[in-house]
There are 2 protein chains.
Amino acid sequence: MPKIVNHEERKALIAKATWNVIARDGLGGASVRSIAKEANLSLGAVRHYFNTQEELLEFAMQLVEEQATERIMEHAKQQLPPKEVTLNMLMELIPPEDRVVEMQVWLEYISYKLRKKELKEDSVHQGINLIMNKLNDAGLLKVDINLEEEIIHLHALIDGIALHLLMGFITIGRDRIRALIERELDRIFI
Amino acid sequence: MPKIVNHEERKALIAKATWNVIARDGLGGASVRSIAKEANLSLGAVRHYFNTQEELLEFAMQLVEEQATERIMEHAKQQLPPKEVTLNMLMELIPPEDRVVEMQVWLEYISYKLRKKELKEDSVHQGINLIMNKLNDAGLLKVDINLEEEIIHLHALIDGIALHLLMGFITIGRDRIRALIERELDRIFI
């Protein structure tokens, strides 16, 4: 009788192995073989999820996005003041130390897509746009702000902080980062 | 008689070819051979500047940094109000459309250095720190700001904007980007 495989668990295991290999060896060093070795699985088990290097990168990024979206959506369910919910959501885009490898995969992904000239609007950017527009429609934001510019400002600040955290430029802890972003929200929330 | 070579011109020519190859094929596709071909030079002429892929990337990044530093220093010489000089300097860190390839090389460089665990404080980050500290020492900044946090905020915002410009997320022109950054300076300048 063949072993019963929990596909969600296996997918997560392979994704983690993929992130580790990309973070260590770059996209150039990531292959079905190296990832199977890292995950301690057979080539066939890994090929079930991707075959080419391109599929591998798409798989790794998709998992990052799915998990981030799930975490963000959890906050949306909380019964908290809208500004706090927004802040909690945005903080999910700044990975804590034990998930900083996701950010490294994201950088490799962007570089790869830029070379291929295939970079499209990502779901995070769409998500921030959606949230801010909903808050605005609900009358929660100041009327004299330029919403388009505020969204650009907020998302740039968050990705800049995430990037600089990865690069080791940021000398303050998560609580003070949170306060910096909250200050931005204070500026635009009523 | 051997041809007299203008080393500065040749260096710039090879750097530009290097940026183009990295932007198109990634670091994995960049070699002395591919760059010599792109620059229409002999292998030997290119080997004068770098031999290994690591030296190639260092060469390409060094040129980006040198040129950026030069442009920034030009602004320091201008007889303008300090806030305007600062704004002009910071805007040099957001590449215009025809220099966006430099940003792509920068991303490849960061990814490479992160994989190698060799990423060090870069000269741009040091430069922003230096400028903001000088402005503060000269009594030009508000006394109730947290300078460390404001530097983190400002640099993250600028790199986030540069990154999102490269990714095609930014729908506003340079004049409105400039106004966004000026608003941040207004908050901290007296």
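This note goes through a predicted model point by point, from the fold of one chain to the pairing of the copies and the spaces inside them.

1. Overall fold. Chain A is built from nine helices and has zero strands. Read from the N terminus, its elements run α-α-α-α-α-α-α-α-α. Along the principal axes, the C-alpha atoms of chain A fill a box of roughly 60 × 35 × 35 Å.

2. Packing of the chain. Chain A has 190 residues, and 49% of them count as buried. Among contacts in chain A with a separation of 6 or more, 68% are between residues 24 or more positions apart.

3. The annotated domain. UniProt, in an unreviewed entry, gives "domain: HTH tetR-type" for residues 8–68 of chain A. In the model this span is 84% helix and 0% strand. The C-alpha atoms at the ends of residues 8–68 lie 16 Å apart.

4. The annotated DNA-binding region. The unreviewed UniProt entry also lists a "DNA-binding region" at residues 31–50 of chain A. Here the chain is 65% helix and 0% strand. The end C-alpha atoms of residues 31–50 are 10 Å apart. Both labels come from the record, and the helix percentages are computed from the model.

5. Relation of the two copies. Chain B is superposed on chain A by a rotation of 180°, with 0.0 Å of shift along the axis and an RMSD of 0.0 Å. The two copies are therefore related as by a two-fold rotation axis. Of the interface residues of chain B, 100% are also interface residues in chain A, so the copies meet through the same surface.

6. One residue with contacts in both chains. A:Gln104 lies in helix H6 of chain A. Its relative accessibility is 11%, and because the cut-off for buried is under 20%, A:Gln104 counts as buried. Leaving out residues up to four places away in sequence, A:Gln104 touches A:Ala23 and A:Leu166 in chain A, and B:Leu114 and B:Arg115 in chain B.

7. The cavity. The count comes to one cavity of 30 Å³ or more. About 270 Å³ of space lies in the largest cavity. Its lining has 16 residues, and those closest to its centre are A:Val64, A:Leu93, A:Met103, A:Trp106 and A:Val124. Helices H4 (53–77), H6 (100–116) and H8 (147–167) of chain A each give two or more residues to this lining. H4(A) provides the largest share, five residues. By class, the cavity lining has eight nonpolar, one polar and seven charged residues.

8. The largest pocket has a volume of about 560 Å³. Lining it are 28 residues, with B:Met61, B:Glu65, B:Trp106, B:Asp122 and B:Val124 nearest its centre. Two or more lining residues come from each of helices H4 (53–77), H6 (100–116), H7 (123–137) and H8 (147–166) of chain B. The largest share of the pocket lining, seven residues, belongs to H4(B). The lining of the largest pocket divides into 13 nonpolar, three polar and 12 charged residues.

9. Points to look at in the structure. For the pairing of the copies, A:Gln104 is one residue to look at, with B:Leu114 and B:Arg115 among its contacts.

Terms used
Residues numbered from 1 in each chain as written. Chains lettered and ligands numbered in written order. Predicted model: local features only at pLDDT ≥ 70, side-chain atom pairs only at ≥ 80, totals over all residues. Heavy atoms only, no water. 1 Å grid on protein atoms, 1.4 Å probe; cavity = no way out; pocket = protein on both sides within 12 Å on 5 of 7 lines; lining within 4 Å. Points joined across faces, edges and corners; volume = space filled by probe spheres on them. Helix = DSSP H or I, 4+ residues; strand = E, 2+ residues; numbered from the N terminus. Nonpolar A, V, L, I, M, F, W, Y, C, P; charged D, E, K, R; others polar. Least-squares fit on C-alpha atoms with pLDDT ≥ 70 in both. Contact = heavy atoms within 4.5 Å. UniProt positions renumbered as here; feature names shortened; annotations may be inferred. Buried < 20%, exposed > 50% of the residue type's maximum accessible area, 1.4 Å probe, protein only.
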